[in-house]
Amino acid sequence: ALSYLRWFHNQTLRSLVPDPALAAELTNHGFKHMKTWTRGVDSGLFDPARRSDALRQSWGAGPETPVVLHVSRMAAEKNLNLLAEGFQRIREAVPAARFVLVGAGPETDRFAQKFPDAVFTGDLRGEELAEHYASGDVFLFASETETFGNVVTEAMGSGLAVLAYDYAAPGQYIEHGVNGWKVPFSDSAAWLDAAVNLVQSPELWPGLREQARQTILTIPWQRLVGEYEAHCAQVTGTDDIDIGEGESSLPARC
């Protein structure tokens with residue numbers, strides 16, 4: 001499969017990937033013309049202003065109750081065993097903490113049996129998803145299989161204190177201790193310790209949340225679409241592309 005993908009992509013003038021580390025890895029595998037094009041966030045949708053006290057109350061959480069949120073497909077590739085161990089340790093250290101899991105998948109029933117008091121919402125979209133993000137406090141993400149990890153930047157845009165591994169989106173956008181927390185890739189012991197410590201440190205959340213929001217305001221989708229059009233302009237020799245509010249000005253051959 002790798003050989004075929006390398007052959008396919010090497011026919012192009014440019015292949016775009018969301019992360020510089022991924023571009024370097026693919027280049028080492030013989031892929032040519034790799035360029036980074038990251039992902040944006042709709043900061044008007046994913047906004048801390050959508051925080052809902054009523055929603056938190058439906059979770060059994062008051063104003064001071066720590067709410068730990070996770071958003072992903074409920075599947076083994078999301079490293080849910082580590083997430084479950086983190087939940088268990090947090091429950092022992094902070095008995096009042098509430099756990100909310102957004103998403104559906106083959107691991108939902110097993111996880112629900114292990115944590116019957118957690119809230120399982122199933123798949124959510126649009127404003128309902130954004131409201132759930134903004135109504136949490138800490139976002140835990142244990143996955144080791146992301147090419148980017150859009151949920152991390154959505155959580156940051158929603159004003160959450162985020163913990164994730166140092167790669168892909170967290171590697172690009174989280175500055176540890178400033179706008180979130182990150183630990184070395186695949187260091188499960190460090191991840192578990194950090195998960196407990198972050199939930200036990202509510203005094204740190206306001207600063208992390210504010211800085212996370214400010215970081216995400218720098219990557220609106222309009223800017224990213226402009227960067228994409230610039231890539232197209234470079235490979236087609238079209239220098240007068242100008243992103244606007246209306247229809248795309250991309251040549252049809254893009």
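Reader: Which residue in β7 stands opposite Leu 140?

Author: Leu 163 does. This is a predicted model, in which local features need pLDDT of at least 70, side-chain atom pairs count only at pLDDT 80 or more, and totals for chains, interfaces and linings use all residues. Residues are numbered from 1 along each chain as its sequence is written, and side-chain values use heavy atoms, without hydrogens and water.

Reader: What makes β6 and β7 a pair of strands?

Author: Strands are DSSP runs of E, at least two residues, numbered from the N terminus. Two of them pair if DSSP finds at least two bridges between them. Strand β6 (residues 138–140) and strand β7 (residues 161–165) share three bridges, in the parallel sense. So they pair.

Reader: Why are β5 and β8 called edge strands?

Author: The open sheet runs β5-β4-β3-β6-β7-β8, with parallel pairing. β5 (119–122) and β8 (181–183) each have a single partner strand, so one side of each lacks a neighbour in the sheet.

Reader: Why does Val 102 count as buried?

Author: Buried means under 20% relative accessible area, exposed over 50%, partly exposed in between (1.4 Å probe, protein chains only). Val 102 has 2%, so it counts as buried. Val 102 lies in strand β4 (residues 98–102). Leaving aside neighbours within four places in sequence, its contacts (heavy atoms within 4.5 Å) include Leu 69, Val 71, Thr 121 and His 132.

Reader: Why is the pair of Phe 139 and Phe 141 called stacked?

Author: Rings of Phe, Tyr and Trp (its six-membered ring) pair if their centres lie within 6.5 Å; planes under 30 degrees apart count as stacked, over 60 as edge-to-face, the rest as tilted. Phe 139 and Phe 141 are 6.1 Å apart, centre to centre, with 20 degrees between the planes. So the pair is stacked. Both residues are buried.

Reader: What makes the pair of Tyr 165 and Phe 185 edge-to-face?

Author: The centres are 5.9 Å apart, and the planes stand at 65 degrees. Tyr 165 lies in strand β7 and Phe 185 in the loop between β8 and α9 (188–199), so the pair ties together parts 20 residues apart in sequence.

Reader: How many aromatic pairs does the structure hold?

Author: The structure holds 16. Ring pairs also link Phe 87, Phe 99, Phe 111, Phe 115 and Phe 120 into a cluster.

Notes
Helix = DSSP H or I, 4+ residues; strand = E, 2+ residues; numbered from the N terminus.
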